[in-house]
Amino acid sequence: MNIKNLCIAGATLFLLSCSSSKKENSQEEKIDKLIAQMTLDEKIGQMNQLTGLGLSDDMKNSIREGSVGSILNELDVKTINELQRIAVEESRLHIPLIFARDVIHGFRTIFPIPLGQAASWNPQVAEDGARIAAVEASAVGIRWVFAPMIDISRDPRWGRIAESCGEDPYLTSVMGVAMVKGFQGDSLSNPSSVAACAKHYAGYGFTESGKDYNTTWIPEELLRDVVLPPFEAAAKAGCATFMCSFNDINGVPSSGNRHLNVDILRNEWDYDGVLVSDWGSIEQMVQHGIAADLKDAALLAANAEVDVDMMGFAYVRHLKELIAEGKVSEKIVDEMVRNVLRLKFRLGLFDNPYAKEQESPFYTDDALLKAKNAAIESAVLLKNEKNVLPLKNVKTIAVVGALADAPADQLGTWIFDGEPSHSITPLAVLKKDAGDVKINYVQTLKYSRDKNKGDFAKALAAAKSSDVVLYFAGEEAILSGEAKCRADISLPGAQSDLLTELKKAGKPVVLVVMAGRPLTISKEVAEADAVLYAFHGGTMAGEALADLLFGKAVPSGKLPVTFPRMVGQIPTYYAHKNTGRPAENVQLIDDIPVGAGQFSIGATSYHLDAGDSPLFPFGYGLSYTTFAYSEPRLSATTLQKGGTLTVECDITNTGKVDAAEVAQLYIRDRVASLARPVRELKGFDKIQLKAGETKTVKFTLTDDQLAFWNADNAKRAEAGEFQVWVSADSQSGTAVSFEYK
Ligand code: GLC
């Protein structure tokens, strides 16, 4: 998707919103009237979000009194409709409820984890997944989903990198906007549309040491240039809601952060959606040590204009008192209630509050086909020595490993409503489609952390009697996601030892990795003949992998995050600064002569035991064919302020197989008032190329893409030389230069 298409997408969304502006004015008048009738208790009730308690009397009474505005984790459509009926018919002002759920990468039909979807570099994959999730979730009455998660993360120790779109703000912006479009559809009031939620606002992915809920230190430049762009893109795309993050930023938790929530979100971005806390994140400001007690936390959150308190009970217990004491203005509360009511109007809930109790539209052929395609496009081919893949002329295949037939684990993290019984596993497909190929299956390890080597000999024997070994390794789903951080991100259990054992058979070994994060698999990549990184591919992962392994589909994925060689390199990411001593003449620890003098091996920026390069760079991914890139051609050697510069590059499929390639546009600001990254992604285009075919990709650069947040706290592009690449990943390609004047 290049800049032009992104602008068209944004403009279309903008025009759609303009056409509804007249309706919105009358809507605002309706909201005014409603607020004027509301008691303070009823206002505070709209700001209160509770978890599903079924049809308990407590819940029913809370609804009748108007002391709850939204409910999360209620799933039964009849219960949802009955609770809604109570709100609409038995509460004083008949204000409908919103029902919410974490639908992160699918409701019933599960798509690849978002990190995998990002590896497709295809926003249509993300939009399809969100659209299907919206149709399935809204069928049971869910109209608010807590997705997309668009935190930037450069730290694979962090379990929630699985839910993210990786390390780059531009790729995350494109994929996040696509998910918003998919969830919200053409009109939020359409019963099959759901309110999306840009989360976690903000900076959560920079959690110290990759440990969840930890503190973050984010200078304004990093906040503005890296953390916020996906959130600004989501806001501009009309994302209906935002969610606060748990972390403190430089000591101020997001749930009490006026700079984030008022200065930027409301005043700079003119955002009029709902800002909801994370689960208990308002109350957790007591733990953070910036609120003395729950009342103090309510004060901080209200004055930071967090509209809805998710399961924190801070507002319902203390807001009325704070207003009476003059510490919180009721006018501010009215504005926060207005945001909640506006969302309910936009969702059409005042006119159509009930879910149709219908045959649920789960697992349609279209949904399964799109989920399979997503899993195909999300897989990244990292190695393919001697073109072991795609498999051909094989008569016997040894299938080994804990992830070959793991219907729950292949769904990945943050799956509440997916059903493993619907998962198509790799083993199931290999057996189904085997034909006259013999499948020797030896699971060997029962789960990814299994250390029992009791079946190693059996696995080796199967490998010896087969033409090729397919080894499915990785992580159980439970090892990534919220609060699932790992200080050692190697293959768990005895999985690495099993690969070494399988290699003894002397047969080609194809390693297929299903994981929720980049793993440190340097040794395994060296041992395996081919490596296909599938992340957690969802319901249709088995069909997708079988198509890729046998060449019915061609890998086209590219890494959305850098793969470190070892955990000690973290954080390692492509858009790093050059430093005053960039790595050169790298001598690794075992190459250093004994007794070497202090500076005899040079003094530049790298680790003695890891060097200065990652295992695989951002944007990297192989195919079953090869591609050649011409030098980029610029429409001019200068870009004037306010002007545009086009960048063209010819890409040829130099192999024998039709395939897709993701051409990536990077820039570098050579000299600026602040040291700038050695590369920054500013565009990409996923193109189909027949064998031998050449196509020209074209990008348009404007000064907005050259701009960065400078030391004067302003975003602007600075005159000077810029380099441009159009390349297959963040490390390859030829640079050409232009002057920005
Ligand atoms: C969780 C997560 C958030 C989720 C919310 C509701 O703790 O941080 O992403 O949407 O609570 O389940």
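**Around the ligand**

Tutor: Of the 13 residues around the ligand, Asp-102, Arg-160, Lys-199, His-200 and Asp-278 come nearest; a residue is near a molecule if one of its heavy atoms lies within 4 Å of it. Keep in mind that this is a predicted model, where local features need pLDDT of at least 70, side-chain atom pairs count only at pLDDT 80 or more, and totals for chains, interfaces and linings use all residues. Residues are numbered from 1 along each chain as its sequence is written, and side-chain values use heavy atoms, with hydrogens and water left out.

Student: What does the side chain of Asp-102 do with the ligand?

Tutor: One of its N or O atoms sits 2.5 Å from a ligand oxygen. That is a polar contact (a pair of N or O atoms within 3.5 Å; within protein, one must be able to donate a hydrogen and the other to accept it, and residues adjacent in sequence count only if both atoms are side-chain atoms). For Asp-278, the distance from a side-chain N or O atom to a ligand oxygen is 2.6 Å. His-200 has a polar side-chain atom 2.6 Å from a ligand oxygen.

Student: How much of the ligand does the protein bury?

Tutor: The protein buries 94% of the 310 Å² that the ligand exposes when taken alone. Those areas come from the Shrake-Rupley method with a 1.4 Å probe; for residues, only the protein chains shown count as cover.

Student: And what's the shell made of, by class?

Tutor: Seven nonpolar, one polar and five charged residues. Ala, Val, Leu, Ile, Met, Phe, Trp, Tyr, Cys and Pro count as nonpolar, Asp, Glu, Lys and Arg as charged, and the others, Gly among them, as polar.

Student: Now strand 22: why is it largely enclosed?

Tutor: Because nine of the 10 residues in strand 22 (residues 680-689) are buried, the rest of the structure largely encloses it. Buried means under 20% relative accessible area, exposed over 50%, partly exposed in between (1.4 Å probe, protein chains only). Strand 22 runs antiparallel to strand 21 (residues 659-669), joined by nine bridges. Glu-661 has Ile-687 in strand 22 as its bridge partner.

Student: What about Lys-656, buried or exposed?

Tutor: Lys-656 counts as exposed, at 80% relative accessibility. You'll find Lys-656 in the loop between strand 20 (644-653) and strand 21. Beyond its neighbours within four places in sequence, Lys-656 contacts Thr-625 and Ala-691, with contact meaning heavy atoms within 4.5 Å.

Student: Which strands pair with strand 20, then?

Tutor: Among them, strand 23 (residues 694-702) pairs with strand 20 in the antiparallel sense over nine bridges, and Asp-650 stands opposite Thr-696 there. Strand 17 (residues 627-629) is also antiparallel to strand 20, through three bridges. Strand 18 (residues 633-634) joins strand 20 by two bridges, again antiparallel.

Methods:
Helix = DSSP H or I, 4+ residues; strand = E, 2+ residues; numbered from the N terminus. Pairing = 2+ DSSP bridges.
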